[in-house]
Each structure stands twice: as C-alpha cells, then as structure tokens.
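Subject: Structure handover

Hello,

Here is the structure I promised to pass on. Please open it first, then read my notes below.

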Amino acid sequence: MLYRYLESSAEHRRDYITRIPHSAALGMDIVEVGARRCVLRLPFQQSLADAHGGLAGGAVSALLDNAGGVAVFCSLERATDFSTLGLRVEFIAAPAAGRDVFARVECLRLEGRRAHIRGVADCGDADQPGPPFATVSGVFFLKPHSQPLHELETLGNV
C-alpha cells in the first residue's frame with residue numbers, strides 16, 4: 001500500500017501535504033500514517049480563530065477533508081487521482097481555545113470507484129487523543145481514467 005511511501009520519511013509527508021495549496025497555506029502537517037489511516041495536525045493560528053478563540057469550523061472542515069484524502073491515499077495499492085465526492089462534518093463542541101487540532105481519519109472501505117472514510121477531530125496531542133469535538137464521514141471518488149502515476153507531483157487529492 002502507498003502508506004509505506006509516506007511512512008518512510010518526514011520529507012515524503014511534508015512533500016505530499018505541501019503540494020496541496022490550501023493545506024500548505026493553512027500549515028497542515030501529516031503527523032502519522034498507517035495502513036488505511038492517518039493523523040494530521042492543524043497548528044493554532046490566531047488568524048484562523050473564531051469568536052470563542054478556537055480554530056474556526058471552516059479550517060477544521062478543511063483539515064478533516066484533507067485527512068480523508070490522506071487516509072484514502074494510504075489505502076491504495078497504486079497511485080491514482082481522487083477527489084471528495086461528499087463530506088459530512090458534525091461539531092459536538094467548539095475546539096479548545098488556542099490549541100492545535102488533530103484529525104484522526106481512517107478509510108473504512110474501497111468499493112469500485114468509491115472510498116469511504118470516517119474520523120474525528122480533537123485538541124489532544126499527537127500521541128494522546130483528546131475528547132473528540134467533531135466527527136467526519138465521507139466518500140471520495142477514484143477517477144476512472146487515471147493512468148498509473150509515476151511522479152509524486154501528480155498524486156493526491158485534486
């Protein structure tokens with residue numbers, strides 16, 4: 001599976017996430033990957049905070065969407081293009097003020113051209129999840145006429 005590529009070095013993880021322009025702009029990073037799963041972090045930035053002092057819902061939704069894409073990538077046997085077909089984010093509470101947010105997402109199933117994901121967002125630490133304040137479920141579409149890709153710059157959630 002392709003997760004081994006991301007798992008093999010921090011440079012590969014940084015290279016992958018920074019090729020997605022809004023992920024790079026928000027400062028997301030891939031903390032951990034495994035077969036069919038990942039943990040992404042969105043560092044707290046005052047410019048992305050809402051009125052309660054935590055990261056705004058739109059920034060958290062973008063993090064969960066990107067984590068879903070990385071979880072799908074980690075589930076594939078070979079590189080292919082994919083995009084978000086549907087995404088549902090439910091907020092249980094507001095994120096903690098002034099804290100980084102972690103997205104912990106797994107790919108539940110690959111079926112035909114669809115990949116189903118689910119996960120949570122929390123304000124814990126990389127190794128110690130906190131109580132989830134949001135959940136995510138979604139479907140990604142694996143593009144039908146994708147060629148086997150040989151260059152990393154053509155991989156990913158486009």
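Among contacts in the chain between residues at least 6 apart in sequence, what percentage join residues at least 24 apart? It is 64%. Please keep in mind that this is a predicted model.

**Overall layout**

The chain has 4 helices and 7 strands. Along the sequence they run α-α-α-β-β-α-β-β-β-β-β. The radius of gyration is 15 Å, close to the 15 Å that the globule rule gives for 158 residues, so the chain is as compact as a globular protein of that length. The C-alpha trace spans about 45 × 30 × 25 Å along its principal axes. Of the 158 residues in the chain, 44% are buried.

**Aromatic pairs**

A pair of aromatic rings is described by the distance of the centres and the angle of the planes. How many such pairs does a search of the whole structure find? It finds 3 aromatic pairs. I describe two below.

Start with Tyr16 and Phe73. Their ring centres are 4.8 Å apart and their planes meet at 45°, so this pair is tilted. Tyr16 belongs to helix α2 (residues 10–18) and Phe73 to helix α4 (residues 57–73). The pair therefore ties together parts that are 57 residues apart in sequence. Are these two residues buried or exposed? Tyr16 counts as buried, at 3% relative accessibility. Phe73 is buried too, with a relative accessible area of 1%.

Now look at Phe91 and Phe133. This aromatic pair is stacked, with 6.5 Å from centre to centre and 25° between the planes. It links distant parts of the chain, 42 residues apart. Phe91 sits in strand β3 (residues 81–91). Phe133 sits in the loop between β5 (114–122) and β6 (134–142). Phe91 is partly exposed, at 39% relative accessible area. Phe133 is buried, at 4%.

**Helix α2**

Go back to the helix that holds Tyr16. Which residues of α2 are buried? They are Arg13, Tyr16 and Ile17. Around the axis they cover an arc of only 90°, which puts them on the same side of α2. The background is simple. An α-helix has 3.6 residues a turn, so residues three or four places apart point the same way.

**Asn66 in helix α4**

Helix α4 also holds Asn66. Asn66 counts as buried, at 3% relative accessibility. Which side chain does the side chain of Asn66 join through a polar contact of 2.9 Å? That of His22. Setting aside neighbours within four places in sequence, Asn66 is in contact with Ile20, His22, Ser23, Met28 and Leu40.

Last, the hairpin. Strand β1 (residues 29–34) pairs with strand β2 (residues 37–42). The pairing is antiparallel and runs over 5 bridges. Asp29 stands opposite Arg41 in β2. How many residues lie between the two strands of the hairpin? There are 2. Arg36, in the turn, has a positive phi of about 70°.

**Where to look**

For a quick tour, begin with the tilted pair of Tyr16 and Phe73. Move on to the stacked pair of Phe91 and Phe133. Then find the polar contact between Asn66 and His22. End at Arg36 in the turn of the hairpin.

Best wishes

Note on methods
Residues numbered from 1 in each chain as written. Predicted model: local features only at pLDDT ≥ 70, side-chain atom pairs only at ≥ 80, totals over all residues. Heavy atoms only, no water. Phe/Tyr/Trp six-rings, centres within 6.5 Å; stacked < 30°, edge-to-face > 60°. Buried < 20%, exposed > 50% of the residue type's maximum accessible area, 1.4 Å probe, protein only. Arc of directions from axis to C-beta. Polar contact = N/O pair within 3.5 Å; in protein donor to acceptor, adjacent residues only side chain to side chain. Contact = heavy atoms within 4.5 Å. Pairing = 2+ DSSP bridges. Rg over C-alpha atoms; globule rule 2.2 N^0.38 Å.
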